[in-house]
Amino acid sequence: MRDYGKVHSSFWASKTINMLSDDGKMLALYLLTSPHSTISGIFRLPDGYVCEDMRWSTERVSKGFAELFEKGFANRCETTKWVYIYKHFEWNKPENPNQYKAAKKIALSIPEDCVWKLDFMRDWRRFLGITDEDFPNRSETVSEPFLNQKQEQEQKQDICAEQSSLECPTESALPPPDPVELLPLSDKTEYAVLEDDVQKWVEAFPGVNVAAELRRMKVWLTANPRKRKTRRGINAFVVSWLSRQQDRGGGRSRYDDPVEDDQFVGMI
């Protein structure tokens with residue numbers, strides 16, 4: 001719980017906020033300044049808390065959260081009632097090592113059955129200095145059978161080496177890693193593909209030129225805005241695309257559309 005929440009004046013000029021209804025804007029502002037929020041931008045928020053604070057009905061609360069998820073502002077797990085504000089750390093970076101530690105502690109307390117836990121860990125574990133020992137590096141896109149024991153050991157060593165420099169963050173905010181590719185999403189934001197992701201896909205799909213396919217995905221998604229995926233569904237989209245290319249031996253005709261069947265068009 002925080003005594004106050006920071007809201008930048010640019011909040012009202014944000015494209016995401018401008019796409020929201022009045023109720024959506026009010027709920028987004030409430031999440032940023034809620035007495036139940038935390039320094040990590042993740043916290044438990046049952047309907048009762050919102051209903052009491054905002055004098056809303058449960059139906060209005062549920063509809064508001066559905067809109068915030070659709071527009072890419074926040075996600076709430078309906079099982080655990082934990083909320084994740086996607087860009088919280090971009091607006092409220094920890095100011096000193098103690099705040100990093102506090103944010104990390106809260107992140108590690110996310111319930112295991114929370115639907116967005118892996119998404120949060122993928123986006124912010126390196127930023128918060130969460131090591132593989134703190135939270136096992138669970139692949140969000142490739143199931144365990146793709147990795148043999150040697151690959152898992154090498155992957156763990158690489159992650160530990162990367163995280164060793166983040167154990168004691170400096171007072172300045174740590175810069176996010178440079179993306180390998182940016183894939184457009186349905187909410188008009190972009191999904192940053194990191195080097196770690198590319199390495200996993202290269203190992204899982206040895207017959208595919210992953211870098212080239214990522215460029216093709218970006219072109220296809222840019223040309224087909226109605227078929228773009230949500231932040232939650234983009235990983236499955238990428239793996240399905242690469243899997244089809246692997247089945248084809250890594251090659252395809254330039255006229256092939258590997259995402260045109262029902263399972264890809266319907267993917268969120």
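## Aromatic pairs

The structure holds 13 aromatic pairs, where rings of Phe, Tyr and Trp (its six-membered ring) pair if their centres lie within 6.5 Å, and planes under 30 degrees apart count as stacked, over 60 as edge-to-face and the rest as tilted. One of them joins Y84 and W116: the ring centres are 5.2 Å apart and the planes stand at 40°, so this pair is tilted. Y84 lies in strand 3 (residues 82-85), while W116 lies in the loop between helix 6 (97-108) and helix 7 (117-128), so the pair ties together parts that are 32 residues apart in sequence. Helices (H or I, at least four residues) and strands (E, at least two) are DSSP runs, numbered from the N terminus.

Y84 is buried at 1% relative accessibility, and W116 is buried at 0%. Buried means under 20% relative accessible area, exposed over 50%, and partly exposed in between (1.4 Å probe, protein chains only). Y84 and W116 also belong to one aromatic cluster together with Y86 and F120.

## Basis of the model

This is a predicted model, in which local features need pLDDT of at least 70 and side-chain atom pairs count only at pLDDT 80 or more, whereas totals for chains, interfaces and linings use all residues. Residues are numbered from 1 along each chain as its sequence is written, and side-chain values use heavy atoms, with hydrogens and water left out.

Three strands form an open sheet in the order 1-3-2, with antiparallel pairing; two strands pair if DSSP finds at least two bridges between them. Strand 1 (42-44) and strand 2 (74-76) stand at the edges with a single partner strand each, so one side of each has no neighbour in the sheet. Neighbouring strands of this sheet are turned by 15° against each other on average, direction ignored. The axes behind this angle are lines fitted to C-alpha atoms, for helices over the stretch in contact, and angles run from 0 to 180 degrees between N-to-C directions. Strands 2 and 3 run antiparallel and are joined by three bridges; A74 stands opposite I85 in strand 3.

Strand 4 (residues 181-184) and strand 5 (residues 190-193) are also antiparallel, joined by four bridges. The bridge partner of L182 is A192 in strand 5. These two strands form a hairpin with five residues between them, and K188 in the turn has a positive phi of about 75°.

D47 lies in helix 3 (residues 47-54) and counts as buried at 17% relative accessibility. Beyond its neighbours within four places in sequence, D47 is in contact with T58, V61, S62, R76 and K81, contact meaning heavy atoms within 4.5 Å. D47 and K81 are 34 residues apart in sequence, with a C-alpha to C-alpha distance of 8.1 Å.

E213 is found in helix 10 (residues 210-223) and is buried, with a relative accessible area of 2%. The E213 side chain makes a polar contact with the side chain of R216 (2.5 Å). A polar contact is a pair of N or O atoms within 3.5 Å; within protein, one must be able to donate a hydrogen and the other to accept it, and residues adjacent in sequence count only if both atoms are side-chain atoms.

## Cysteines

With a disulfide taken as a pair of cysteine sulfur atoms within 2.5 Å, the count comes to zero. The closest cysteine sulfur to that of C114 is in C77, 4.4 Å away, which is too far for a bond. C114 is buried at 5% relative accessibility, and C51 is buried at 16%.
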